[in-house]
Amino acid sequence: MKICSKCNCELVDDLEVTANGVYEVGISYKKRISSNHRGKVKSTLCPKCGDVSFYLDKEGIEIIMNDIQK
């Protein structure tokens, strides 16, 4: 269970993120990520204050962390 840091309410989790006209979202750390694999961005929503947070699935985190450690 994830909790909103602003109002301490339980978040609605695992929401799909889509955008019209956007082909790819890139995330990097101090250098270009070399992997051709991409993680899926997901989000949470606070039903009380409307705050939306984005996060990567576990596979996406592993891919980026492996690339950072190279």
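**Close-up views around Leu45**

**View 1. Contacts of Leu45 beyond its sequence neighbours.** When residues within four places in sequence are set aside, Leu45 is in contact with Leu11, Val12, Leu15, Gly50, Asp51 and Val52. The model shown here, as in the views that follow, is a predicted one. Leu45 lies in strand 2, which covers residues 41–45, and its relative accessibility of 30% places Leu45 in the partly exposed class.

**View 2. Val12 and its bridge partner in strand 2.** Val12 is placed in strand 1, residues 12–16, and has Leu45 of strand 2 as its bridge partner. The two strands concerned, strand 1 and strand 2, pair in the antiparallel sense over three bridges. Val12 is itself partly exposed, because its relative accessible area is 37%, a value between the 20% under which a residue counts as buried and the 50% over which a residue counts as exposed.

View 3. Three strands form an open sheet in the order 1-2-3, and their pairing is antiparallel. Strand 1 and strand 3 (52–56) are the edge strands, each of which pairs on one side only. From one strand to the next, the twist averages 35°.

**View 4. A nonpolar surface patch.** Val12, Val17, Leu45, Val52 and Phe54 together make a nonpolar surface patch of about 390 Å².

Key
Residues numbered from 1 in each chain as written. Predicted model: local features only at pLDDT ≥ 70, side-chain atom pairs only at ≥ 80, totals over all residues. Heavy atoms only, no water. Patch = residues over 30% accessible without salt bridge, like charges linked within 9 Å, V, L, I, M, F, W, Y side chains within 5 Å. Areas by Shrake-Rupley, 256 points an atom, 1.4 Å probe, with all protein chains shown as cover. Salt bridge = Lys/Arg side-chain N within 4 Å of Asp/Glu carboxyl O. Helix = DSSP H or I, 4+ residues; strand = E, 2+ residues; numbered from the N terminus. Buried < 20%, exposed > 50% of the residue type's maximum accessible area, 1.4 Å probe, protein only. Contact = heavy atoms within 4.5 Å. Pairing = 2+ DSSP bridges. Axes fitted to C-alpha atoms, helices over the stretch in contact; angles between N-to-C directions.
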